[in-house]
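Here is a brief report on strands and cores. View the model before reading on.

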Amino acid sequence: ERENVTVYLVYAPIYCQLKERIDSISSRTLMKKYWDIADKYKNNVSILDYSNPSLLICKDTLLFKDANHLNQKGAKEFSKILASDIYRLRKQK
């Protein structure tokens with residue numbers, strides 16, 4: 001915070017059918033921790049949640065090694081999305 005560094009908390013994409021089966025309590029617990037950190041450091045923390053099953057990246061089985069992990073192609077695609085979103089957020093500041 002003293003150095004004015006922005007931290008991005010990223011909830012990475014998971015395959016949409018897995019997201020629907022994940023215990024909502026554990027998912028909410030993780031997101032609550034993210035929000036607690038973001039609330040504590042309001043100006044220096046941004047949350048980027050890519051776990052929404054409606055996102056195209058979460059629907060494409062060709063981008064996943066398994067339901068929890070992107071494969072190489074998926075990691076490249078996600079990196080582009082993440083970089084674009086971080087760029088957009090930085091320009092807004």
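In which strand is serine 46 found? Serine 46 belongs to strand S2, residues 45-49. The model is a predicted one.

Is serine 46 buried or exposed? Serine 46 counts as buried, because its relative accessibility is 18% and the cut-off for buried is under 20%. Leaving aside residues up to four places away in sequence, serine 46 touches Thr6, Val7, Tyr8, Leu9 and Leu89.

Strand S2 as a whole is mostly covered. Four of its five residues are buried.

## Strand pairing

Strand S1 covers residues 7-11. S1 pairs with S2 in the parallel sense, over five bridges. Within this pairing, leucine 9 stands opposite isoleucine 47 of S2.

## Nonpolar cores

Nonpolar side chains tend to be buried together in soluble globular proteins. Here, the largest nonpolar core has eleven residues. They are Tyr15, Cys16, Leu48, Tyr50, Ile57, Cys58, Leu63, Phe64, Phe78, Leu82 and Leu89. Helix H3 (56-59) and helix H4 (72-92) each supply at least two residues of this core. H4 gives the most, with three residues.

Leucine 82 is one of the residues of the largest core. Which residues does leucine 82 touch, not counting those up to four places away in sequence? The contacts are Val10, Leu48 and Tyr50. Another core, of seven residues, lies apart from the largest one. Among its members are Leu9, Ala38, Val45 and Ile47.

Notes: Residues are numbered from 1 along each chain as its sequence is written. This is a predicted model: local features need pLDDT of at least 70, side-chain atom pairs count only at pLDDT 80 or more; totals for chains, interfaces and linings use all residues. Side-chain values use heavy atoms; hydrogens and water are left out. A nonpolar core is a set of buried Ala, Val, Leu, Ile, Met, Phe, Trp, Tyr and Cys residues joined through side-chain atoms within 4.5 Å. Buried means under 20% relative accessible area, exposed over 50%, partly exposed in between (1.4 Å probe, protein chains only). Contact means heavy atoms within 4.5 Å. Two strands pair if DSSP finds at least two bridges between them.
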